[in-house]
Amino acid sequence: MLLLLLLLTALSFSQEALTRVGLQSARVVLERGKEYYLKLTGGSKLTCADCHGPDGESLKGAYARMPRFYTDLGRVADADLRVLSCLRQYLRLEDERLKSRERELVVPLVGFVASLSNGELVFVELRHPEEKRLYELGRTVWYRRSGATDFSCALCHERLAGKQFFAEVLPAPIPDRAPARYPAYSVKRDELLTLEDKLRDCFERYLLYDPKKGRFSFESRVRKPPYYVEELIALELFLMHSVNGSTLSVPGVIK
Amino acid sequence: VRLLLLLILLLACQPKKPKEEYATFPQFLKRPQETVTPELFRRAFFLDDEAQKLCSSEALTEDILKRVKELSSNFPKLDGYLGDWRKGEQLALTPELYKRLYGKPGGSKKGLCYACHCADPRVDECGDVGPSLYRYAEKGVKPEELFKRIYNPWAFSPCSAMPRFGHHGLLTAEEVTHLVAYLLSPESPVNGGKP
């Protein structure tokens, strides 16, 4: 009966309704992020709120400037790496606890922190030499053709954007200002994806070579880059900088 | 009524409440952790392939295109370039498309031709990145040339969006000959044949 109702509902509602449903689910993840923000503690007995205030007031606008160079980390970090580093360095969450649930803690927290910047304009600066270097690296990654498909981000999402690929239209994320809507809720996967999650998934399409064999192999190909790898953060920096001035609006909803 | 239905849907779609407990975590892995190191990823992504590096340039100059063409001139010598169009069809159609056309399992994800091209008029989920290949046989392209165009498209159209299927080993030389037949055989549905 419930299934039938669901089916009827799905049929009778537009994309707009789906978006509302998606937003609702995404907000639950953000609420969980807020709970972690207030309650999660590790060896230092500190919570995020102890340093950033109970309502996260001091973090307002922070997400709109990420990725950026952090002195305490000595490297450029995106929101994901920033949050993870806080959990490690300041909350002192034990490695054992982080190991299996790292993304399950990081993603809702990133979602919550990002939502504190809603309505702010994306403003990623290239001031520190590392930020400049990573911007150039990100640009290189965007245009680099690779893998057994000879794809690049730019090939499908710039040069061929608007063309049809099977039954889908290839999106143009920079003109569409899509990065300003991440973290976004994927209706199909029923989970919140940070920009890093989303970009990381894209690499699977390249059909990357197996570097040990020096050739392509379906079985032993490299599927995705490791989380927080410099190239991934560089690509985020390049994209966020490309949409500077866009209004941040999270969580977005994607299919 | 719609509002009521939406409400029900909203309630039904609420994700499970997260555990209220923060001191201990359930020991489970959501999905297997991928173990590729940054070093391995880098070697895979920044592939040592001169043509690929040249085509990564933001401005594709005449010099680049000329050099890529030169780099794309190695082809296997075969006795014949016309394979079996039915095997070609199996490579060209995805399992979903095959099932839709024939109502039985078949097809593969090796060619993915319809991602970018239309060809068999019964397939309407086809891309327009590349030209339509419907009635390709009428173009008068020789089997050997078509073989080369699929094996390594950059020999003709350097830095094009089409993957170098043979060059990378996505398809074997034999498999490419089957696709040649799929596009050239008069019995193939691509050329109006009735399978």
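## Helix 4 and helix 5 of chain A

Helix 4 (residues 79–89) of chain A packs against helix 5 (residues 95–115) of chain A at an angle of about 135°, and their axes are 9 Å apart. This angle makes helix 4 of chain A oblique to helix 5 of chain A. The crossing of these two helices is right-handed. The model from which these values are computed is a predicted one.

On the side of helix 4 of chain A, the contact is made by A:Ala79, A:Asp80, A:Val83, A:Leu84, A:Leu87 and A:Arg88. Helix 5 of chain A contributes A:Asp95, A:Leu98, A:Glu102, A:Arg103, A:Leu105, A:Val106, A:Leu109 and A:Val110. By residue class, this contact between helix 4 and helix 5 of chain A comprises nine nonpolar, no polar and five charged residues.

## Aromatic pairs

Over all chains, the structure holds 16 aromatic pairs. One of them is formed by A:Tyr135 and A:Phe238, whose ring centres are 5.5 Å apart with 50° between the planes, a tilted arrangement. A:Tyr135 belongs to helix 6 (residues 129–143) of chain A and A:Phe238 to helix 9 (residues 230–242) of chain A, so the pair ties together parts that are 103 residues apart in sequence. A:Tyr135 is buried, with a relative accessible area of 12%, and A:Phe238 is buried as well, with a value of 4%.

A further pair consists of A:Phe203 and B:Phe41: the ring centres lie 5.5 Å apart and the planes stand at 80°, so the pair is edge-to-face. Because A:Phe203 is located in the loop between helix 8 (195–202) and helix 9 of chain A, while B:Phe41 is located in helix 2 (residues 38–45) of chain B, this pair joins two chains. Both A:Phe203 and B:Phe41 are buried. They also belong to one aromatic cluster, which is formed by A:Phe203, A:Tyr206, B:Phe41, B:Phe45 and B:Phe46.

## Overall organisation of chain B

Chain B contains nine helices and zero strands. Along the sequence, the pattern of chain B reads α-α-α-α-α-α-α-α-α.

Of the 195 residues in chain B, 41% are buried. Among contacts in chain B with a separation of 6 or more, 53% involve residues 24 or more positions apart.

## Helix 5 and helix 9 of chain B

Helix 5 (residues 85–92) of chain B and helix 9 (residues 173–184) of chain B pack with their axes 7 Å apart, at an angle of about 100°. The two helices are therefore roughly perpendicular to each other, because angles of 65 to 115 degrees are assigned to that class.

From helix 5 of chain B, the residues B:Trp85, B:Lys87, B:Gly88, B:Glu89, B:Leu91 and B:Ala92 take part in the contact. They meet B:Glu175, B:His178, B:Leu179, B:Ala181 and B:Tyr182 of helix 9 of chain B. The residues of this contact divide into six nonpolar, two polar and three charged.

## B:Glu175

B:Glu175 is located in helix 9 of chain B and is among the residues that meet helix 5 of chain B. Is B:Glu175 buried or exposed? With a relative accessibility of 15%, B:Glu175 counts as buried, because the class requires a value under 20%.

When residues up to four places away in sequence are not counted, B:Glu175 touches B:Leu91, B:Lys110 and B:Leu170. Of these, B:Leu91 is in helix 5 of chain B.

Definitions and conventions: Residues numbered from 1 in each chain as written. Chains lettered and ligands numbered in written order. Predicted model: local features only at pLDDT ≥ 70, side-chain atom pairs only at ≥ 80, totals over all residues. Heavy atoms only, no water. Axes fitted to C-alpha atoms, helices over the stretch in contact; angles between N-to-C directions. Helix = DSSP H or I, 4+ residues; strand = E, 2+ residues; numbered from the N terminus. Parallel < 35°, antiparallel > 145°, perpendicular 65-115°, else oblique. Left-handed = near helix turned anticlockwise from the far one by under 90°. Contact = heavy atoms within 4.5 Å. Nonpolar A, V, L, I, M, F, W, Y, C, P; charged D, E, K, R; others polar. Phe/Tyr/Trp six-rings, centres within 6.5 Å; stacked < 30°, edge-to-face > 60°. Buried < 20%, exposed > 50% of the residue type's maximum accessible area, 1.4 Å probe, protein only.
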